[in-house]
Amino acid sequence: MKKLALAGLLAVGLTGCSSEEPKVLNLYNWSEYMPQEVLTRFEEETGIQVVYTTYDSNEAMYAKLKLLDDSAAYDLAVPSTYYVSKMRQEGLLMPIDRSKIEGFDNLDPELVNLDIDPDNKFSIPYLWGTTGLAVDTADIEGEPVTAWEDLWDERFEGRVMLTNDMREVFHVGLRVLGYSGNSTNPEQIEEAYQKLTELMPSVRTFNSDAPRVPYLEGETDVGMIWNGEAVMAEETMPSLEYVYPDEGIIAWLDSFVIPKNAKNPEAAHQFISFVLRPEISALISEEIGYATPNLPAREMLPDEVANNRASYPTAEDMTNAEFQVDIGDEALQVYAKYWEMLKSGR
Amino acid sequence: MTRWLPRVYLVLVYLMLYVPIGVLVVFSFNDSRSGYTWGGLSLRWYQSLFHNNAMVEAMWNSLWLALSAATVSTIIGALTALALHRYRFRAKKVLNGMLFVVMMSPEIVLAISLLALFLLVGIQLGYLSLLLAHVTFCLPFVVITVMARLSGFDESLPEAARDLGASDFTMTRTVLIPVIMPALLAGWLLGFTLSLDDVVVSTFVSGPSYEILPLRIYSMVRVGLKPEVNALGTLLLVFSLVMLMLSQWILIRSKR
Amino acid sequence: MPSVTRQPFRTAVLVLVWGWLLFLVLAPNLLVVGASVMTRDPGTFIALPLNLDAYRQLFDPLYLEVFLHSLYMAAMTTLVCLLVGYPFAWALSKLGKQRQLLLIFLLIVPFWTNSLVRTYALKMLLATNGLINSALMSLGWIDEPIQMLYTEGAVIIGLVYLLLPFMILPLYSVFDDLRQELLMASHDLGAGRLATFIHVIVPLTLPGVLAGVMLVLLPAMGLFFVPDILGGSRNLLVGNVIKNQFLDARNWPFGAAASIVLTITMAILMLAHRLSKQRLGEGGAG
């Protein structure tokens, strides 16, 4: 704790003299992906004001970061697994100074030093989660929904929701056909596209801003959802169940990265250290329902959170689970083409 | 029958226009979280609105942007109108045409063209880029308002001033400005509202360093039904109603 | 240059005005034209060589379909606005002057209210649990809620709601100018109501119709937030395609080409408007 205070002081001292205006941290994050309380506490403790802006897809985040590259608009962003490696390889990221990061050792050894960023030179894991099936059991009759394949069932016509996320939607298509969700084979991708076009008449809407909302609003009954969103919906809508599909769940890890032109990397480091504190990580996981990679934090969680299968899947739930990986720009273009065709098709 | 049919029709169309707004206002005082059921009278959404720091800051940013954009566009717009009215110069038609094009072109076209320009020239996306963009799309509206006023204006007055030895600048200041004052105010108010309402252009030319209200609202609205949006919408409605009445009052008073 | 010394004020004004328009209107538009003939580049957005690929892509059956669908929704919006607005403007112009002013004021009020907020208000009405459905169900008219949100119809309703005043105002102004004597003359010459309408009223109000069409059709293709909120990220407009190309897919040449198509549409409409006015002018003179 002392060390931490010292590091904090040092950081403040180092940067405090360089500018006189109030310190600001521009955090670029998914919508509803950080409790307000965390931001408030960070502001109170450090005096650094956090400006929280949001995106709803990795593609939008990446495009905006490139667009605002020169103006050094963002100090911290939270891309998913495969975008970490993409951005790292394209030289868009600033190396993270590990000496300024407190609490890196708290992280689950299974989730650090991954292929996407060997030795975590550019990224620090924030949360991990899964994309599975949401089923409104109150509105569904007949056979229970247990697999992605079931979405194609006629009885759900006009009642299906998909996330507004290219990779995830194709992941589902590919898995239903028995392929890897990370396929780079253009033929398989096209096949998945064909399969997904059959689903389109059932699809009511795409939503990645808050995938729980169309279920809560009663507009859709079945479809994709992120586990955290399912947990957040539990309270108001107990009938909405989170189901691990037979073909396997989509798993992902979101990490903090610092854009290479960040104006305030000191504050970014400070913020990462702040989030790595077990009590803060625990608070985040409890509030927004995703799984924290922070091991001491996991021990601090109340039982009902730690044992919530939606947030923290069992080994059995993770059978067939597939983590999203970087597939390279070439394959990404193929996906992008079919994605647009899919979304604009009638 | 022919007497009441048109009136019933008018009433129906007005109902269509006002029911959604009415619902919004009523539900902004709804105690329930849901946007669909009534849970009693409450001001809690107004409270939570003002406790949201990011929201309050976006509000101030937006107000400041609208104030400055309206002011700058009124100044430039008034000068443009005066130039078009008084001076004979080549390519006057081109100038007129360009203003017309700005007014008619879809906002999205304006938005991407300005984004391309700002990136090329290296203007950071933030307050400055927003200001330049907002002034540009407000400009034609101010010019038109002022031109309308000038067209009904007695030409002998400025001539007399010139004969008495006033410079162009003095003449403009002492004779023309007072005449076009109501139009300036009306144009300013129009610019203010346009700026405060703009989503399309701002989506492209803003950066995180300067968050404005419409974009905040946009991200809130996309996430789902938020009672705070009702409260905010009601406040904006009252605000623009006051502004509109003000501008009408100015215009009507000036006609007397 | 004597004119500069003699009229510094005039020079300053002209420089300012021209400078602004050249820098912020002409230059950006040229940039878009330039971008549309360049090649997509993942790093720098656009790059050489020059080519027409972006335009070719526009005529790809897939995008053509998106464009046609967007055009269809915009056209439907315009048509509904016209059908609602035409009789409205007519009825309005027949009222007493004082009342007309008040009603015009009431028409403008919503226009001064934040358009996002109004779109959101519509969402509250159209939702499955929304007020329209619950009202209809409690009246016993329907048993199951009607799916209105996230449909093509919802997008069109949203666009009509936002754009109706832009159709009514130009129509109202032509109806307001419509001289009663002309109608009476037509009547005196023995024309029936229908004949008067077809041969006198329609041609005379045509410029207003075209102005209204112009003011509604173009925004109806660009207002991307309406399908975002009411269309469920489906039922896309050209505006959504352009926005995605710039802020998502990073295909600037294609986005630029799409926006040029919009601009050309605008030019055609403006030309039509001008021609109709000219013809009317000639007819009146002759």
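**Figure 1. Contacts and overall form of chain C.** In chain C of this predicted model, 68% of the contacts (heavy atoms within 4.5 Å) between residues at least 6 apart in sequence join residues at least 24 apart. The chain holds 13 helices and two strands; helices (H or I, at least four residues) and strands (E, at least two) are DSSP runs, numbered from the N terminus. Chain C is more spread out than a compact globule, because its radius of gyration of 24 Å is well over the 19 Å that the globule rule gives for 286 residues. The radius is taken over C-alpha atoms, and the rule is 2.2 Å times the number of residues to the power 0.38. The C-alpha trace spans about 75 × 70 × 35 Å along its principal axes.

Residues are numbered from 1 along each chain as its sequence is written, while chains are lettered from A and ligands numbered from 1 in the order in which they are written. Local features need pLDDT of at least 70 and side-chain atom pairs count only at pLDDT 80 or more, whereas totals for chains, interfaces and linings use all residues; side-chain values use heavy atoms, with hydrogens and water left out.

Figure 2. Of the 286 residues in chain C, 52% are buried; buried means under 20% relative accessible area, exposed over 50%, and partly exposed in between (1.4 Å probe, protein chains only). The accessible surface comes to about 12,800 Å², and carbon and sulfur atoms account for 70% of that area (Shrake-Rupley method, 1.4 Å probe; for residues, only the protein chains shown count as cover). Chain C carries 17 positive and 14 negative side chains, with the centres of the two sets 11 Å apart. Lys and Arg count as positive and Asp and Glu as negative, without His and the chain ends; each charge is placed at NZ of Lys, CZ of Arg, CG of Asp or CD of Glu.

**Figure 3. Strand E5 of chain A and its partners.** Strand E5(A) (residues 123-136) is largely enclosed by the rest of the structure, because 14 of its 14 residues are buried. E5(A) pairs (at least two DSSP bridges between strands) in the antiparallel sense with E10(A), residues 250-259, over eight bridges; there, Gly129(A) has Trp252(A) as its bridge partner. Five bridges link E5(A) to antiparallel E8(A), residues 222-226, where Ile225(A) stands opposite Gly132(A). E5(A) also runs antiparallel to E9(A), residues 240-243, over four bridges, and Leu133(A) is partnered there by Val243(A).

**Figure 4. Leu157 of chain B.** Leu157(B) lies in helix H7 (residues 156-163) of chain B. Leu157(B) is partly exposed, with a relative accessible area of 44%. The C-alpha atoms of Leu157(B) and Leu176(B) are 8.8 Å apart, and these residues are 19 positions apart along the chain.
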